[in-house]
Amino acid sequence: MRYRLTFIAGVALGYVLGTRAGRERYEQLKKSARQFTENPAVRNAAESAAHSGRDIAGKAYHSVGDKVGDKVPASVAERVRSLRDRSSRNGFEDDWGTTNT
């Protein structure tokens, strides 16, 4: 019985000390992650990657529409044409991934 009680006390003490140390490490990681994301170079890189992704998606949208347009049912082809017409009237290729505020 004495060994069980010692074991349980050790587990309880280890749990308390481990959670305290774990919480401090978590806060440290959280702070460093926040500093990383607030870095202007990182933000610029993320924005340029998003912009490049939108450009590539627009090009893929049009090339797939051109190649597949006559091989799909008429109702789907009409929807693709209407999307293409709508995007060309707005003066830009693609509005996917942008927010309208």
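Before you click, some ground rules: residues are numbered from 1 along each chain as its sequence is written. Because this is a predicted model, local features need pLDDT of at least 70 and side-chain atom pairs count only at pLDDT 80 or more, while totals for chains, interfaces and linings use all residues; side-chain values use heavy atoms, with hydrogens and water left out.

**Whole chain.** Start by colouring on pLDDT, the predictor's confidence in each residue, from 0 to 100. The mean is 77, and 75% of the residues score at least 70. Now switch to cartoon: you get three helices and zero strands, with helices being DSSP runs of H or I, at least four residues, and strands runs of E, at least two. Next, show the surface. Of the 101 residues, 7% are buried, meaning under 20% relative accessible area; exposed is over 50%, and partly exposed is in between (1.4 Å probe, protein chains only).

**Helix α1.** Select residues 2-37, where confidence is highest, at a mean of 85. Pick F7, I8 and V11: together they make a nonpolar surface patch of about 320 Å². Patch residues have over 30% relative accessible area and no salt bridge, with nonpolar side chains joined within 5 Å and like charges within 9 Å. V11 counts as partly exposed because its relative accessibility is 46%.

Further along, go to R23 and E27, four residues apart in α1, about one turn of the helix. What is the distance between the closest N and O atoms of their salt bridge? They are 3.0 Å apart, and the cut-off is a Lys or Arg side-chain nitrogen within 4 Å of an Asp or Glu carboxyl oxygen. The whole structure has one salt bridge. E27, at 32% relative accessibility, is partly exposed.

**Helix α2.** At the start of α2, a side-chain oxygen of N39 comes to within 3.2 Å of the backbone nitrogen of A41. Then highlight G58, Y61, H62 and G65, which are buried.

**Helix α3.** Finish at residues 74-89, where confidence is lowest, at a mean of 66. Where pLDDT is low, the predicted coordinates should not be read in detail.

Definitions and conventions:
A polar contact is a pair of N or O atoms within 3.5 Å; within protein, one must be able to donate a hydrogen and the other to accept it, and residues adjacent in sequence count only if both atoms are side-chain atoms. Accessible areas come from the Shrake-Rupley method with a 1.4 Å probe; for residues, only the protein chains shown count as cover.
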